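Please read this report alongside the sequence and the coordinates. The headings run from the whole chain to single elements.

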Amino acid sequence: TTSLSVWQASCREPCHTSFWPQAMMRPATAPATRSPGGVVSPERRGLHGAEIRRANGGENSAEQQTTERQFVRWLLSRGLTGVQEGSIAEQMRDGTVLAELILGLDPKLVLKGFNKRALSRAAAVANIELSLGAVWRKGALPAAMPSAQEVYLGRRERVMSLLHVILDVFFLRPQRKRHTLFLQWVQRVVEPYNISLSDEALQADITTAKGAEVLWRQLADGVVFFCIAHSAWPASLRPAPHASSIFAYPQSPAEAQSNLANAFACLSQLQVPVFIAPEEFASPPAHAILLLQIYTLHEALAAQVGQHAGQTANALADMRFRDHARLLEREYVIRNVELGLFKGFQEREAALDAEYQHLYQLRHAKSAEAAKYEALLAHASDTFSKKLSRPDVETDVHANSQRFAGVERDIHANSPRSADGAAHVREPPRDDRSRPDVESSVFDDDAPGDRLGAMEESQENLLGQQAAAAQDNIDVQDTQWPVLDS
């Protein structure tokens, strides 16, 4: 997230410097090129249009033309002012531009026999061979290296391949070992502005095409370039760059291109060569060109960052960008949405809390009821055990049992015997059963056996009453125990 802020009061006007240095601007009318002596150019041979394009390797695609323009800017930044866009292969034919480029990239290199005024074919080919030999000694790949004759004949595709090889072996290859340090440097520079590279970009291997594309996505909106330029901007240089000219969050390619134009203009004022035009940064540039741009930027500004145009580091997080009002509106919408979500969450939380309280109270009531029931059961069980262990109850039961046993013995002793010796109880005649005295005599005869069954039934009923009394919390201490008469 990028915060909003206000620039210093002394910063009144944005940076309006022309994007390209005057030396890098293409003149309205290209000056006549001097062909080396003995070299017959296609124009002098009377070749025009399609014939010239065939002589230079065929039709050029838009991507190839863009790459050629970027290489021309690189050559111009190296001080080779005679190079012009659209005729780079033609201007390499005498070998002088090629040799000067290599000598500029490696000041310790010595090209013995180099002819700065090659006026013949042999001198031009000799210059080319000297340059190719120096490139070969740097470990160039054979498949990418052209022959001296191909360079002399102006074969555009082979000349562009040679420029890629020279850029790689003389500049990019030593820098690739420090690509992790470069990404960490960028992260440290933009961090005070509340901007950071993504984890994917910080871990990317930018020496590969895939890693370079990841880095390009981080740089394509121009914000990182602007922060680097602002960090290296000295307080004495006025006017200072304005954040009001930069979109913190570009919403369209036009806004991103505007950011890049302003950022590259600031870099040009800091004397940093820029090889990629803002409109060319809309798509991933050639891998070698992108690495060339970021390594050149690092070399030029590594020792200057931290000046922040005279501002303190604490004020950088509050910079006010061009889309400040849009960011405030977006923040207002987001806050309202978040507030609505928060209120809904609070309502759901309150409903859940009320439901929890109700369930807790219900559980507490059920627990209290279960505890009370367990206490009643324990009390009834204890009371019942005490009743059964009373001495008088045991004595009554034992006495009744003895009486019933004596009655049974009397019955068996007084009953007549049958032929087999079994006791037989005489029953009264059926006609006499309706008489009261007969009924009483019958009852008296059956009384011992009936009374024994009645006592057992009464004892069972008593046990049932005791259990029921325990459940109803009735004190069974006062329960009347029936005393059976003998």
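## Basis

This is a predicted model, in which local features need pLDDT of at least 70 and side-chain atom pairs count only at pLDDT 80 or more, while totals for chains, interfaces and linings use all residues. Residues are numbered from 1 along each chain as its sequence is written, and side-chain values use heavy atoms, with hydrogens and water left out.

## Whole chain

The chain has 16 helices and zero strands; helices (H or I, at least four residues) and strands (E, at least two) are DSSP runs, numbered from the N terminus. Of the 486 residues, 37% are buried, where buried means under 20% relative accessible area, exposed over 50% and partly exposed in between (1.4 Å probe, protein chains only).

The accessible surface is about 28,400 Å², and carbon and sulfur atoms hold 53% of that area (Shrake-Rupley method, 1.4 Å probe). Contact means heavy atoms within 4.5 Å. Among contacts between residues at least 6 apart in sequence, 70% join residues at least 24 apart.

## Helix α2

Helix α2 covers residues 62-77, which is 16 residues. At 1.5 Å a residue these should span 22 Å, and the end C-alpha atoms are 23 Å apart, so the two values agree. The expected span is 1.5 Å times one less than the number of residues.

The buried residues of α2 include E68 and R73 as well as F71, V72, W74, L75 and L76. Their cover includes α3 (88-91), α4, α7 (156-176) and α13. Just after α2, G79 takes a positive phi of about 90°.

## Loop residue K116

K116 lies in the loop between α4 (96-105) and α5 (121-137). K116 counts as exposed because its relative accessibility is 63%. Its C-alpha atom is separated by 8.9 Å from that of A99, 17 residues apart along the chain.

## Second largest cavity

The structure holds five cavities of 30 Å³ or more. A cavity is a set of points on a 1 Å grid over the protein atoms alone where a 1.4 Å probe fits but cannot get out, and lining residues have an atom within 4 Å of a point. The second largest cavity has a volume of about 50 Å³, taken as the space filled by probe spheres set on the points, which are joined across faces, edges and corners.

Its lining divides into 11 nonpolar residues, no polar and no charged (nonpolar: Ala, Val, Leu, Ile, Met, Phe, Trp, Tyr, Cys and Pro; charged: Asp, Glu, Lys and Arg; polar: the others, Gly among them). Among the lining residues are F182, L197, F225 and I294. α8 (179-190), α10 (209-219), α11 (223-232) and α13 (287-301) each supply at least two lining residues.

Terms used. 1 Å grid on protein atoms, 1.4 Å probe; cavity = no way out; pocket = protein on both sides within 12 Å on 5 of 7 lines; lining within 4 Å.
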